Amino acid sequence: MLYLVRISAFFEKSSLDELGRMARFRIVDRHLHDLVIETGSDLLKEMRKRKTTFVYSAFRLASASKISKKRYLDSIYAALLKAVKSSGIGKEEVIRLECYDINSREGYSAKDLEVRFGTRLIRDGYTADLSDPERFVYLVLLNGNCYLGEELYNDIGKAALNPLRSYSQLARTSRAEMKMAEAFKAFGIKARGIAIDLGAAPGGWSRFLAGSGFRVLAIDTADLDYDSLNGAGLRVKTVASTKVALKELEGHDIVHLMARAGAPAIRRGEMKADLLSDDMNVDCVSSASIALRYAPLLRRGAPLIMTIKCMTRNAPLYIRQTRRALRPGFSIIGTKALPSNRQEVTLFARKR
């Protein structure tokens, strides 16, 4: 069986080791963090059984064919039509077609190809519709090859429809916000209430949390991007006193406490927060030790979202060190190298 697998490029060795623990495989094609592998195992089943840290996603591929440079569009469509027919998709079934062009560089955007091929499928008697499909058909263009796969739309789920695309809102959203959005999705976080954001500057995580319904105590000695926060319609106030910050939380979306996160001046009993976030740019043990000082200010079961900064590619080492440092106050739920992470891994835990 062929699979398209996305891994963390920076942590390639850890990614391949993790993949090897799930299945014996052979890489047949690749570009950076996108792999096409061949394996005799049901990789999707194995991924459902265990929580992966470095393997982002996997898609089953039904066929592979070489793309003709002279007949570029025609050769791709011929492969697509052949795959649709061989998969037993009836002309009465509604298809959602998506194209992921990884590195073909032929001057056609993925959207161009979707429109062209969707139109041709309709001409050939098939039904294509994005809004209410029954089947999800995807084609992947990689190194002059065309890979195709299909799934029932209900099985694949809306959450998996864009594994290879950049988020459409990337132009108006910081990478920090994307990391937080991915963490909420990956770990199923649904908390609301008061959030403490450690090392908050320039404010991407605070902005996401406030937009998700939290009142945020953002702690950092550096300035936040006030123009961006105000432009998002958020009520923001900057204070230097802890007591003033706690009072102002009632009337603002974000209260920026200009103080060092490493020296919390909030006493036990003065507040009970519902989430703690930590994206401080310090080594993982120091970051975990600081987060641990805030544990008494959290409600029991409150989530901790923390980025583990990795000085080398040996991510398992930093994950072990961080878990050990957090153990007195938090139960670790999982770790994940998210698509928007670079030389870092995101950890999710809950207050004991």
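Q: In the protein chain, what share of the contacts with a separation of 6 or more comes from residues 24 or more positions apart?
A: Here a contact means heavy atoms within 4.5 Å. Counting the protein chain's contacts with a separation of 6 or more, the share from residues 24 or more positions apart is 69%.

Q: What is the mean pLDDT of the protein chain?
A: Keep in mind that this is a predicted model. Of the chain's residues, 94% reach a pLDDT of 70 or more. Averaged over the protein chain, the pLDDT is 90.

Q: Over residues 163–173, how many contacts beyond four places in sequence does the model have?
A: Two stretches are worth a look here. Over residues 156–161 the pLDDT stays under 50, and the model has twelve contacts beyond four places in sequence for them. Residues 163–173 also stay under 50. For residues 163–173, the number of such contacts is 20.

Q: What percentage of the residues in the protein chain is buried?
A: A residue is called buried when its relative accessible area is under 20%. The protein chain has 352 residues, and the buried part of them is 52%.

Q: How far apart are the centres of the positive and negative side chains?
A: The protein chain carries 58 positive side chains and 39 negative ones. The distance between the centres of these two sets is 6 Å.

Methods
Residues are numbered from 1 along each chain as its sequence is written. This is a predicted model: local features need pLDDT of at least 70, side-chain atom pairs count only at pLDDT 80 or more; totals for chains, interfaces and linings use all residues. Side-chain values use heavy atoms; hydrogens and water are left out. pLDDT is the predictor's confidence in each residue, from 0 to 100. Buried means under 20% relative accessible area, exposed over 50%, partly exposed in between (1.4 Å probe, protein chains only). Lys and Arg count as positive and Asp and Glu as negative; His and the chain ends are not counted. The place of a charge is taken as NZ of Lys, CZ of Arg, CG of Asp or CD of Glu.
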